[in-house]
Amino acid sequence: MPPPKDVVKIAIQMVGAIPQLIDLQQTKPLASVLKDVCDAWSLPNAEHYALQYTDGRQTYITESNRGEIKNGSILRLTTSPDQEAERLYSGIQSNNSDVKTDSLKKLASLSQDVTFAQEFINRNGLKKIFCIVEEGNDTGEMLAHTLKAFMELMEHDFVSWETLSAAFIKKIVSYVNMNAVDASVQQLSLSILENMVPTSRVLFELVKKEVTLDRLLTHLQVTNAQLQLKAMALLIALLLAATDAERQEMMDYLREKNIRQFIHKNIIHSSEPLADEMAHYLYVLQSVSLNLCERRMRTSMDPYSQEQRELLQSLRQTAFESESEAPTSNFSTERRRSLCAKEFRKLGFVNNSNPAEDLRRAPPGLLALDNMVYFSRHTPNAYSRFVLENSSREDKHECPFARSSIQLTLILCEILHVGEPCSETAQAFYPMFFGQDHFFEELFCICIQLVNKTWKEMRATQEDFDKVLQVVREQITRTLSLKPTSLELFKTRVNALNYSEILKLRQTERLHQEETLAVPVLELRERLKPELLELIRQQRLLHLCEGTLFRKISSRRRQDKLWYCRLSPNHKVLHYGDVEEGVNSPPIESLPEKIPVADMKMLLVGKECLHTKEKSSGKQNKDVLELAFSIVYDMEEYCLNFIAPTRYEFCLWTDGLNVLLGKEMTSERTQTDLDVLLSMELKLRLLDLENISIPDTPPPIPKPPSNLNFCYDFSHAEQ
């Protein structure tokens, strides 16, 4: 007979004593349980003791979290949080250096527990930590433990960052700005400032003023990868908290200091592999930089703006005034207007009498005008060749420069996600972005010449405009998917992917599709599906057995804390637990928490998950919703919440968990993998039928013969 639901079988240890095996009644007050445990070991003052997990984060057991105790858990009888907080509160004030260091080290470890943190903060412990930092007498290891303890205590959000004293902040800033400081102290100081920046405008302005961009760039140039990472984290936090004007000013300064070239050479192409966290920060830096184009992209042209009209006229003058022999100032107003309209028509404006009307659509707005002007000024020969070459063609075959530029700008904005908020988890950035200062404009210059090249290859007319731009979009996206490391490489590859190559790729894809739609082939597909789906199921379970590193994400900032989850080799238990940075594949024995697969009841994804509702923060949270899933277990009372690092991991984990629950795999990755496997299997099966058309219906079976006299009778031959 199974034990009652409210009874858990556990072991309790104590140093120097024989462990106790007890049946913990969850309905019994924790104080009474502790009294019984202490009485068994003849310990007085049961109120001075508490139960604590022996592994993982060694969390204290309280009335609020006791429901998480599982059968087979091993607990430790230890000093209660209030007694421990009192002891460490005294220890960190000791005059004995060794006692003080040990107390601070223990404090940094225990402060991860919310119960202990509350007790220590209630004793005004943070004030003592402030004093230790402000006095500045401690250095090295002792100071590192102090800052680590402070970080862990602040992580629980019991105290606002805005309550920090000016002297404390000044001291933290000094550790960042000084050269002769231990690297671990500088890392922690940078992390503290990173946490401060998003909490209030006052703290943002203070950090921005005290920690200069030059200082952050110095930290970025060190060989210590962790220090480099924390410096990048603070830089990103400052950029995200800044106003549009401040962000523009900061990015301009960083451009002057050639930060992109430094990142391209020393971080992206360094000998060490790029950490996931750094990849995310590079993605955010790219996104923030590209989003500086958003204001111009969403601003329509004002026909009454003198500056904008001059930019528009400069396009016409650069292209045509050099070839005009007679100065236009000698012409009448009517003649001059007529000549300008003719030239704007040659430039490819739809509304040649008032070209500003073409730029009223936003997006792409004024960004299209900026791109055209940049192209005309920085590559004048290519610009003149484009315009003059098309103005001399027959009307129906000319490629309209202005119209193409406006549409191309819009396409580039969509491909590069200009104006979209930064994802909290994405790591996808283009390495070539960091190899060029005016990336968007330079990319436009390459792609507008690609438009002209593709137009000629397609022998297009005005009616084919949308078709040409669709091909150009495909050329750009296919080339970007190869992640070229420089714009020169992008230019080479995108030009090699000409219209005939696009047609070949499309034809190959179409033939493959047609080939797989024949009735006999469809029947074969259906027969192969169960076997291949089973192969996918096995792959998903194997991936769960290998395990994945997940991040803990809060609404305030991207967390550094990691946890790992993996399935046991016999597919019966999920093991999980917190791990340190740099641990890639911890052994299953080091993961303290367990969930039996038999206790799993259902899988929740996206908006169904409770942890996404708790952390909801508007449009920034959209990407988290797409990566969130939860396992409901143990009579549907508890949830284990996940936020996958990538969409790929989300698909594999949700598929694997559905397999464990005996349900169908529903992710888009399942269909993709099934299509790939079916395609490979069909090609192998149909290899002998190459260049032979497969009929839709099987050939008819001939009628049986009228008699079977043609059969040879072997019995007569034997006689």
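Biologist: In what order do the 4 strands of the open sheet sit, and what is the pairing?

Modeller: Keep in mind that this is a predicted model. The order is E2-E1-E4-E3, and the pairing is mixed.

Biologist: What makes E2 and E3 stand at the edges?

Modeller: Strand E2 (20–25) and strand E3 (49–53) each have a single partner strand, so one side of each has no neighbour in the sheet. Neighbouring strands here are turned by 40 degrees against each other on average, ignoring direction.

Biologist: How do you know that E1 and E4 pair, and which way do they run?

Modeller: Pairing takes at least two bridges, and 3 bridges join strand E1 (residues 7–13) to strand E4 (residues 74–79). Those two run parallel. Alanine 11, for instance, stands opposite isoleucine 74 in E4.

Biologist: And what about E3 and E4, parallel or antiparallel?

Modeller: Antiparallel, with 5 bridges joining E3 to E4. On that side, tyrosine 49 stands opposite threonine 79 in E4.

Biologist: Over to the helices. Why are H13 and H14 called roughly antiparallel?

Modeller: Helix H13 (residues 259–268) and helix H14 (residues 276–290) pack at an angle of about 160 degrees, with axes 13 Å apart. Angles over 145 count as roughly antiparallel, and therefore H13 and H14 get that label. The crossing of H13 past H14 is left-handed.

Biologist: Then why are H16 and H18 called oblique?

Modeller: The axes of helix H16 (residues 306–320) and helix H18 (residues 366–378) cross at roughly 40 degrees and come within 10 Å. Roughly parallel needs an angle under 35 degrees, and roughly perpendicular runs from 65 to 115. H16 and H18 are therefore oblique to each other. Their crossing is left-handed.

Biologist: How do you know that the span of H28 agrees with its number of residues?

Modeller: At 1.5 Å a residue, the 14 residues of helix H28 (residues 647–660) should span 20 Å, and the end C-alpha atoms are 20 Å apart.

Biologist: What makes H28 largely enclosed by the rest of the structure?

Modeller: Buried means under 20% relative accessible area. In H28, 12 of the 14 residues are buried, so the helix is largely enclosed. Among them are Phe650, Leu652, Trp653 and Leu657. After H28 comes glycine 662, with a positive phi near 75 degrees.

Biologist: How do you know that cysteine 565 is in no disulfide?

Modeller: The two sulfur atoms would have to be within 2.5 Å. The structure holds 0 disulfides. For cysteine 565, the nearest cysteine sulfur belongs to cysteine 545 and is 11 Å away.

Biologist: Why does cysteine 565 count as buried, while cysteine 131 counts as partly exposed?

Modeller: The cut-off for buried is under 20%, and exposed starts over 50%. Cysteine 565 has 0% relative accessibility, so it counts as buried. Cysteine 131 has 29%, so it is partly exposed.

Definitions and conventions. Residues are numbered from 1 along each chain as its sequence is written. This is a predicted model: local features need pLDDT of at least 70, side-chain atom pairs count only at pLDDT 80 or more; totals for chains, interfaces and linings use all residues. Side-chain values use heavy atoms; hydrogens and water are left out. Axes are lines fitted to C-alpha atoms, for helices over the stretch in contact, and angles run from 0 to 180 degrees between N-to-C directions. The expected span of a helix is 1.5 Å times one less than its number of residues. Buried means under 20% relative accessible area, exposed over 50%, partly exposed in between (1.4 Å probe, protein chains only). A crossing is left-handed if the near helix is turned anticlockwise from the far one by less than a right angle, and right-handed if clockwise.
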